[in-house]
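Please provide a briefing on the fold of this protein and on a few of its individual residues.

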Amino acid sequence: MLWIAGAGGVGREALDVAIAAGVPVAGFLDERLAGEQVRGLPVRTPAELPHGAPYLIGIADPAVRARLARVLDAAGGLPATLVHPRAIVAPETELAAGCLVMGGAHLSSSVTLGPHSQVHYNATVGHDARLGARVTVYPGANVSGAVLLHDDATVGSNAVVLQGRTVGPAAFVGAGAVVTRDVPARTTVIGAPARPMR
């Protein structure tokens, strides 16, 4: 049975995806809420993950996802991929271990998602796009074809990344931004066209 790391908003949304997909969930892993129950499921610490158990990280922050993946892998956990049955995943698309794809998401032909990446509800990812590890595409975002999103990049709600652009490692595209030029590493861009935040 699946364990979901993180009992906050994204973790509960991951539970919704699991329920829709018919994937049984044992509980949540969350230091802050350990010992409590969330949506009728027990909450344990990440260190209490049973050896060999599948897990999915339901946390938006890429840095926290990276830290938790190291802890859970070291504990003998197995990263699982979770896809909502109302998501569209086109042919030749590859999802690495630990990915979360929510309802209404559309992954077009020949897309690649790296480990522990998330595509939230009603977001689209165009043909031949490559998403690195721990990338987050928030609700309603539109990532066009042949885009490269490096490790730990985030695309905010309703943002647009135009065809062939690159978003650097740990860069953040603000909500509603329109990316017309490549975004450097560890840079936050906002606006239309997107510009670095001062």
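Where is the place of Pro193? Pro193 lies in the loop between strand 24 (188-190) and strand 25 (195-196); strands (E, at least two residues) and helices (H or I, at least four residues) are DSSP runs, numbered from the N terminus. The structure is a predicted model, in which local features need pLDDT of at least 70 and side-chain atom pairs count only at pLDDT 80 or more, while totals for chains, interfaces and linings use all residues. Residues are numbered from 1 along each chain as its sequence is written, and side-chain values use heavy atoms, with hydrogens and water left out.

**The sheet and its helices**

- Six strands make up an open sheet of mixed pairing, in the order 3-4-2-1-5-6; two strands pair if DSSP finds at least two bridges between them.
- Strand 3 (37-38) and strand 6 (78-79) are the edge strands, each pairing on one side only.
- Strand 1 (residues 2-5) and strand 2 (residues 25-29) run parallel and are joined by four bridges.
- Within this pairing, Ile4 stands opposite Phe28 in strand 2.
- Helix 1 (residues 9-21) packs on the sheet and touches strand 1, strand 2, strand 3, strand 4 (41-44) and strand 5 (54-57); a contact means heavy atoms within 4.5 Å.
- The direction of helix 1 makes about 170 degrees with that of strand 2; axes are lines fitted to C-alpha atoms, for helices over the stretch in contact, and angles run from 0 to 180 degrees between N-to-C directions.
- Helix 2 (residues 62-74) also packs on the sheet, touching strand 1, strand 2, strand 5 and strand 6, and its direction makes about 170 degrees with that of strand 5.

**A buried histidine**

- His116 is placed in the loop between strand 12 (112-113) and strand 13 (118-119).
- His116 counts as buried because its relative accessibility is 8%; buried means under 20% relative accessible area, exposed over 50%, and partly exposed in between (1.4 Å probe, protein chains only).

**Backbone features in loops**

- The peptide bond from Ala192 to Pro193 is cis, with omega near 0 degrees.
- Ser110, in the loop between strand 11 (106-107) and strand 12, has a positive phi of about 60 degrees although it is not a glycine.
- Ser110 has a relative accessible area of 21%, so it is partly exposed.
- Asp152, in the loop between strand 18 (148-149) and strand 19 (154-155), is likewise not a glycine and has a positive phi near 70 degrees.
- Asp152 counts as partly exposed because its relative accessibility is 22%.
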